[in-house]
Amino acid sequence: MEQKQWQIPVEGSQQVKILFYPSLGSTNTEAAQLAKRGESAWTVVYAAEQTSGKGRHNRPWWSPAGLGLWFSVILRPAIGAKSINLVNLTSALIMRQFLEHKIATAEKVLKPQVQLKWPNDILVDGRKICGILLESDTVKNKIQHIIAGIGININQVSADFPPELRKSAISLKMCTGSQLEISQVLNELIKYYYHNFNETVQRNFDNIITEYEKFLVYQGREVKIFLKNEVKTGVQDGIDNYGNLILSQDGRKITVSAGDLWLINNERTV
Ligand code: BTN
């Protein structure tokens, strides 16, 4: 049951609606249902906690109350379905920029590296601070809606994470030393996302790949990618114009459009 809603100004007289729920299974599932019923673009579904939060590759996403920002945005960009990968990369790039700014403006900080792990994880000094799950509904080549589900670790200290995440996860509080008001972060973030996302779509994703590659982790390193029924290995060699990952294998280049990326000869980092 939704508890309250509010509007935030995003640009000129434009406003977006935030629907807040104390507890939901998954904000992505709720947002998809609302989108199917005609809810408008940029409506945000935000939950204090998720009881069945969804991660990529059918993994659960740990989403306790008061510690993180768990939300989903309904997007309806006027683009073809083949650009959905670029929506994924664009969203990650915008979240990275926002988080870097939050970290850089904190007083105590030495300036950690805020990087992207293909396709859409955001890492601070190699530890995951934000994950994105994009789910889309398309008919033929037409996008009905995209749900951008975003999870950001905000107020955790190391001991708050379950033991299996303790080495690989990090929060804004661990980076800045400050406790943050989660709904305040959401309001700021939505304005930033709205503005930068619409601008990127308007300029037809121009320059997005070059910009994304600047922050890409594991470049030139040996990686393996778990696909549905096989594992591919190679040296990570960037991103092509469609957002696919390029691997070099014995002088040959191959591309991969989706999968779970790990470093070789290294324990899984995130
Ligand atoms: C990942 O595996 O890295 C993606 C995690 C995405 C988590 C967010 S939290 C809000 C939204 N609702 C979900 O069920 N998942 C996404």
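A quick word on the ground rules. Residue numbers start from 1 along each chain as its sequence is written, and side-chain values use heavy atoms, with hydrogens and water left out. Because the model is predicted, local features need pLDDT of at least 70 and side-chain atom pairs count only at pLDDT 80 or more, while totals for chains, interfaces and linings use all residues.

**Around the ligand**

Let's start with the ligand. There are 19 residues around it, and Ser 26, Gln 50, Lys 54, Arg 56 and Lys 128 come nearest. Being near here takes a heavy atom within 4 Å of the molecule. Sorted by class, this shell holds 10 polar, 5 nonpolar and 4 charged residues. In that scheme Ala, Val, Leu, Ile, Met, Phe, Trp, Tyr, Cys and Pro are nonpolar, Asp, Glu, Lys and Arg are charged, and the others, Gly among them, are polar.

Which parts of the fold supply at least two residues each to the shell? Helix 1 (27–36), strand 4 (68–75), strand 7 (127–139) and strand 8 (142–153) do. Strand 7 gives the most, with 4 residues. Helices (H or I, at least four residues) and strands (E, at least two) are DSSP runs numbered from the N terminus.

| Side chain | Ligand atom | Distance |
|---|---|---|
| Thr 27 | nitrogen | 3.0 Å |
| Gln 50 | nitrogen | 2.9 Å |
| Lys 128 | oxygen | 2.6 Å |

On its own, the ligand has 420 Å² of accessible area, and the protein covers 98% of that. Such areas come from the Shrake-Rupley method with a 1.4 Å probe.

Now for the loops. Trp 118 and Pro 119 are joined by a cis peptide bond, with omega about -5°. Pro 119 sits in the loop between strand 5 (114–117) and strand 6 (121–124).

Asn 58 isn't a glycine, yet its phi is positive, about 60°. You'll find Asn 58 in the loop between strand 3 (44–50) and strand 4. Is Asn 58 buried or exposed? Asn 58 counts as exposed, at 80% relative accessibility. The cut-offs are under 20% relative accessible area for buried and over 50% for exposed, with partly exposed in between (1.4 Å probe, protein chains only).

Asp 250, another residue other than glycine, has a positive phi near 45°. Its place is the loop between strand 11 (245–249) and strand 12 (252–256). Asp 250 is exposed too, with a relative accessible area of 84%.

Definitions and conventions
A polar contact is a pair of N or O atoms within 3.5 Å; within protein, one must be able to donate a hydrogen and the other to accept it, and residues adjacent in sequence count only if both atoms are side-chain atoms.
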